[in-house]
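Me: Please help me learn to read this structure, one feature at a time.

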Amino acid sequence: EAEKEKKKEQVDKDKEEKSKKSAEKKKQDDEKKRVKAELKAKRKAEEKAEAAKEKKLNKPMVVFIFSVFLGGVGFLYLSSVDFNYKLAIENAANYFSNQKYHKAYDEIKGVDVKEKDQELKDRIYTVMYVERLYESYENNIELGRNKKALDSLLRGVSKYYEYYDDAQELDIVSDLDFSFAQIQNALQINYGITLERALEINDLDDYEYMKTVSEYTDDASDE
């Protein structure tokens, strides 16, 4: 009987020891979870603070980079505009000196010229008042509009004298004469009209003017 009692006490003791160990292990596990949770929360808070700090630091940097980018784009645009302007002026001057007046005009038309280049533009436009009428004559001849072609030549004679003084001031009389010579040749060769006769026709009133133009072009096609 004593032996049974002793065994029972040993079993109870083992159970109590086991229960203590289990309770101690649970306590340790809970402590580990708590520490782990605290570390995780602390790390998360640190990451959040770091991200906010980085965001604050990056904002002025972004503004700076954006400003530099805009400045670079603006510089490239202004450089491009300046390059195109210089190229247009250079081409116009070269075409004009080679008596390619229409090409010079095409280069400079619509360009907001600087004061130093205004004289070049004036030279080109002055010659084109006469040159354009010779070109109109050529176009009308191709289209079979002979009366309009002759009218263009006669108006070219008027424009020559109208802008002769301007040509003298701009020192481009030779250029104006070059365009005018084309008009004189066309009048003489195609219509037998001398410069003196052209001036007489231009002095006529509208009715007599059109009547005379018709007389010179009756044998030619027209619209």
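Me: Which residues form the negative surface patch?

Reply: First, the idea. A patch takes residues with over 30% relative accessible area and no salt bridge, joining like charges within 9 Å and nonpolar side chains (Val, Leu, Ile, Met, Phe, Trp, Tyr) within 5 Å. Lys and Arg count as positive, Asp and Glu as negative, while His and the chain ends are not counted. Each charge is placed at NZ of Lys, CZ of Arg, CG of Asp or CD of Glu. Here, the negative patch is made by Asp 205, Asp 206, Glu 208, Glu 215 and Asp 218.

Me: How should I take those numbers?

Reply: This is a predicted model, where local features need pLDDT of at least 70 and side-chain atom pairs count only at pLDDT 80 or more, while totals for chains, interfaces and linings use all residues. Residues are numbered from 1 along each chain as its sequence is written, and side-chain values use heavy atoms, with hydrogens and water left out.

Me: Is Asp 218 buried or exposed?

Reply: Buried means under 20% relative accessible area, exposed means over 50%, and partly exposed is in between (1.4 Å probe, protein chains only). The areas come from the Shrake-Rupley method with a 1.4 Å probe, and for residues only the protein chains shown count as cover. Asp 218 has 55% relative accessibility, so it counts as exposed. Asp 218 sits in the segment after α8 (206-217).

Me: Where is the positive patch, and which residues gather there?

Reply: That surface patch brings together Lys 36, Lys 40, Arg 43, Lys 44 and Lys 48. Take Lys 36: it is part of helix α1 (residues 2-97), and it counts as exposed because its relative accessibility is 64%.

Me: What about Asp 151 and Arg 155?

Reply: Their side chains meet in a salt bridge of 3.1 Å, N to O. Arg 155 is partly exposed, at 38% relative accessible area, and so is Asp 151, at 21%. Both are in helix α4 (residues 146-162), four residues apart, about one turn of the helix. Salt bridges can also share partners: that is how Asp 82, Lys 86 and Lys 114 are joined into one network.

Me: Which residues does Leu 170 touch?

Reply: Contact means heavy atoms within 4.5 Å. Leaving out residues up to four places away in sequence, Leu 170 touches Glu 119, Asp 122, Arg 123 and Thr 126. Leu 170 and Asp 122 are 48 residues apart in sequence, yet 7.9 Å apart in space, C-alpha to C-alpha. Leu 170 lies in the loop between α5 (164-169) and α6 (173-191) and is buried, at 13% relative accessible area.

Me: And Thr 212, is it buried or exposed?

Reply: Buried, because its relative accessibility is 6%. Thr 212 belongs to helix α8 and touches Arg 197, Ile 201 and Leu 204, again leaving out residues up to four places away in sequence. For the whole chain of 223 residues, 25% count as buried.

Me: Which residue has a positive phi although it is not a glycine?

Reply: Most residues other than glycine have a negative phi. Asp 171 has a positive one, about 60 degrees. Asp 171 is in the loop between α5 and α6, and it is exposed because its relative accessible area is 62%. Gln 99 also has a positive phi of about 60 degrees without being a glycine. Gln 99 is in the loop between α1 and α2 (101-108) and is partly exposed, at 35% relative accessible area.

Note on methods
Salt bridge = Lys/Arg side-chain N within 4 Å of Asp/Glu carboxyl O. Helix = DSSP H or I, 4+ residues; strand = E, 2+ residues; numbered from the N terminus.
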